[in-house]
Amino acid sequence: MSQWIHACACDDIDEEDLIRWDHNGQTFAIYNTEDGFFATDGLCTHEDQHLEDGLVTADVIECPLHQARFNIKTGKALSAPACEDLRTYPVKVENGQIFVQFS
Ligand code: FES
């Protein structure tokens with residue numbers, strides 16, 4: 001059964017930026033883009049670098065270690081050296097708070 005878990009407040013994330021969020025022994029990245037809030041796994045699929053210090057441009061996150069790029073909305077790996085997509089998670093906003101859905 002799926003459940004919505006509270007992650008943070010919308011105000012916790014600057015525009016065109018992300019924060020790290022840890023839950024249940026896993027680490028995630030929560031993004032604030034011009035198209036809304038999104039969530040992916042926090043670790044780059046190349047060498048497990050956390051994406052929290054990465055660069056957000058529109059709907060793309062660039063890994064801070066070797067600059068692989070991923071689509072924030074779909075998780076798709078867009079450039080080398082990453083070839084495996086990021087997992088993404090549904091996000092909803094209620095009363096200025098961000099919730100992430102797990103199934
Ligand atoms: S760890 Fe992200 S591109 Fe290498």
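This is a predicted model: local features need pLDDT of at least 70, side-chain atom pairs count only at pLDDT 80 or more; totals for chains, interfaces and linings use all residues.
Let's start inside. The largest nonpolar core has 23 residues, and the ones touching the most other members are L18, A29, I30, Y31 and I61. Where does this core come from? At least two residues each come from β2 (17–23), β3 (26–33), β4 (36–41) and β10 (97–102). The top contributor is β3, with 4 residues. As general background, nonpolar side chains in soluble globular proteins tend to be buried together.

Now zoom in on L18. Leaving out residues up to four places away in sequence, L18 touches I13, A29, I30, Y31, L51, E52, G54, V56 and I61.

On to the sheets. One is open, with 4 strands in the order β2-β3-β4-β8 and antiparallel pairing. If you want one to click on, T33 has G36 in β4 as its bridge partner.

The other sheet is open too, 3 strands, ordered β5-β6-β7, again paired antiparallel. Why do β5 (55–57) and β7 (69–71) each have a side left without a neighbour in the sheet? Because they stand at its edges, each with a single partner strand. Neighbouring strands here are turned against each other by 25 degrees on average, ignoring direction. Between β5 and β6 (residues 60–62), there are 3 bridges, and L55 has E62 in β6 as its bridge partner.

Technical notes
Residues are numbered from 1 along each chain as its sequence is written. A nonpolar core is a set of buried Ala, Val, Leu, Ile, Met, Phe, Trp, Tyr and Cys residues joined through C-beta atoms within 7 Å. A residue is buried if 20 or more other C-beta atoms lie within 10 Å of its own, exposed if 12 or fewer, and partly exposed in between; C-beta atoms are placed from the backbone. Two residues are in contact if their C-beta atoms, placed from the backbone, lie within 7 Å. Two strands pair if DSSP finds at least two bridges between them. Axes are lines fitted to C-alpha atoms, for helices over the stretch in contact, and angles run from 0 to 180 degrees between N-to-C directions.
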